[in-house]
Amino acid sequence: MNYFRVNETDASGHGIDFWEYFAGSYDLDEAKALFEENNSWVHMLDCRRNKSEELTEEQYKTGLQFNRLYEYKHDVNAFRRFYNIYPTREMAEMFAKRDHKSGYVRIGFPHIHSVYKINQDGNFIFVYHYDADSLGKLPEPPPYF
């Protein structure tokens with residue numbers, strides 16, 4: 001069985017985090033065609049940016065779980081994007097912004113997590129363990145950061 005993920009955004013990058021996942025005996029081009037069939041709005045975009053890739057079964061399951069956790073939860077997504085925070089290392093490896101302005105990725109939950117620096121090769125290097133009880137609560141991100 002083959003696993004794929006496909007994403008389409010416009011020039012603004014809106015929707016960059018959320019992918020549609022496909023599993024079956026088809027190839028990447030067929031997965032793209034299925035995506036376009038399921039999402040007819042992509043034909044109305046002035047500037048289409050299509051991304052697609054083949055995944056392992058583990059990545060496929062992680063991606064589905066990510067969509068279930070964050071889709072349609074705008075306040076949680078704003079916090080996640082602002083602090084580059086993800087609940088598991090697998091999600092961080094798949095979705096974290098390597099060029100985040102802080103240079104860090106946080107793995108865990110908002111009040112207790114581990115902070116990693118991302119080196120030039122994209123590897124995570126442990127920096128410190130964050131605990132809100134001793135270091136204070138992370139402030140809310142500014143609106144429309």
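Two strands pair if DSSP finds at least two bridges between them. Strands here are DSSP E runs of at least two residues and helices are H or I runs of at least four, numbered from the N terminus.

**Ground rules.** I'm looking at a predicted model, where local features need pLDDT of at least 70, side-chain atom pairs count only at pLDDT 80 or more, and totals for chains, interfaces and linings use all residues. Numbering starts from 1 along each chain as its sequence is written, and side-chain values use heavy atoms, with hydrogens and water left out.

**Sheet.** I looked up the strand order first. The order is β4-β5-β6-β7, an open sheet of four strands with mixed pairing. β4 (85–86) and β7 are the edge strands; each has a single partner strand, so one side of each lacks a neighbour in the sheet. I then checked how β4 meets β5: they run parallel and are joined by two bridges. I85 has R106 in β5 as its bridge partner.

**Helix α3.** Which residues of α3 (residues 74–83) are buried? I get N77, F79, R80, F82 and Y83, with buried meaning under 20% relative accessible area, exposed over 50%, and partly exposed in between (1.4 Å probe, protein chains only). Their cover includes α2, β4 and β5. After α3 comes N84, with a positive phi near 55°.

**Cores.** A nonpolar core is a set of buried Ala, Val, Leu, Ile, Met, Phe, Trp, Tyr and Cys residues joined through side-chain atoms within 4.5 Å. The largest one has 18 residues, and Y21, F66, Y86, A92, F95, V105 and F124 have the most contacts inside it. At least two residues of this core come from each of α2 (57–70), α4 (89–95), β5 (104–109) and β6. α4 gives the largest share, four residues. I also found a second, separate core of eight residues, among them F79, Y83, Y130 and A132.

**S114.** This one sits in β6 (residues 112–118). S114 counts as buried because its relative accessibility is 17%. Leaving out residues up to four places away in sequence, I list V105, R106, I107, F126, Y128 and H129 as touching S114; contact means heavy atoms within 4.5 Å.

**V127.** I went to β7 (residues 124–131) for V127. Its relative accessibility is 37%, so V127 counts as partly exposed. V127, Y128 and L135 make up a nonpolar surface patch, with about 250 Å² of accessible area together.

Conventions. Patch = residues over 30% accessible without salt bridge, like charges linked within 9 Å, V, L, I, M, F, W, Y side chains within 5 Å. Areas by Shrake-Rupley, 256 points an atom, 1.4 Å probe, with all protein chains shown as cover. Salt bridge = Lys/Arg side-chain N within 4 Å of Asp/Glu carboxyl O.
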